[in-house]
Amino acid sequence: MTFVLIYAIGVGISALGIFLYEYLYLYDRQIRYISGKEVIQDVLMSLLSWIMVAILIFVVAIDIYMGWPSKGFDLKIKKIGEAMKNGMIVRDI
């Protein structure tokens, strides 16, 4: 029972961490751009429990050290994709 509880706590922490990382950092607080496919991938990654918590800590530490170089990167990619679907010309990435 104790192992299951520790595992479940790790899953909860990693799921929350992954969501916050994507929402606050990669998508710059624009939740409507996060797709269902990405949510499913995040849920599956959170099942790695404490391994994913360690990976998140490592990734955030590197981002802090480098000065948050990719803030909003996935959001920009999604917006460029939408613009291209609508026939708009995108010159700057």
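On helix 4, the face turned away from the buried side carries the exposed residues Met-84 and Lys-85. The model is a predicted one.

Helix 4 (73–85)

- Leu-75, Ile-80 and Ala-83 are the buried residues of helix 4. Because these residues cover an arc of only 135° around the axis, they lie on the same side of helix 4.
- Helix 1 is included in what covers the buried residues of helix 4.
- With 13 residues, helix 4 reaches 19 Å from its first C-alpha to its last. That span is close to the 18 Å expected at 1.5 Å a residue.

Helix 2 (36–46)

- In helix 2, the buried residues are Glu-38, Asp-42 and Ser-46. They cover an arc of only 75° around the axis, so they are on the same side of helix 2.
- An α-helix has 3.6 residues a turn, so residues three or four places apart point the same way.
- Lys-37, Ile-40 and Leu-44 are exposed residues carried on the face of helix 2 turned away from its buried side.
- The cover over the buried residues of helix 2 includes helix 1 (2–26) and helix 4 (73–85).

Cover from helix 1

- Helix 1 is part of what covers the buried residues of helix 2, and it is also part of what covers those of helix 4.

Technical notes. Residues are numbered from 1 along each chain as its sequence is written. This is a predicted model: local features need pLDDT of at least 70, side-chain atom pairs count only at pLDDT 80 or more; totals for chains, interfaces and linings use all residues. Side-chain values use heavy atoms; hydrogens and water are left out. Buried means under 20% relative accessible area, exposed over 50%, partly exposed in between (1.4 Å probe, protein chains only). Helices (H or I, at least four residues) and strands (E, at least two) are DSSP runs, numbered from the N terminus. The arc is that of the directions from the helix axis to the C-beta atoms. Contact means heavy atoms within 4.5 Å. The expected span of a helix is 1.5 Å times one less than its number of residues.
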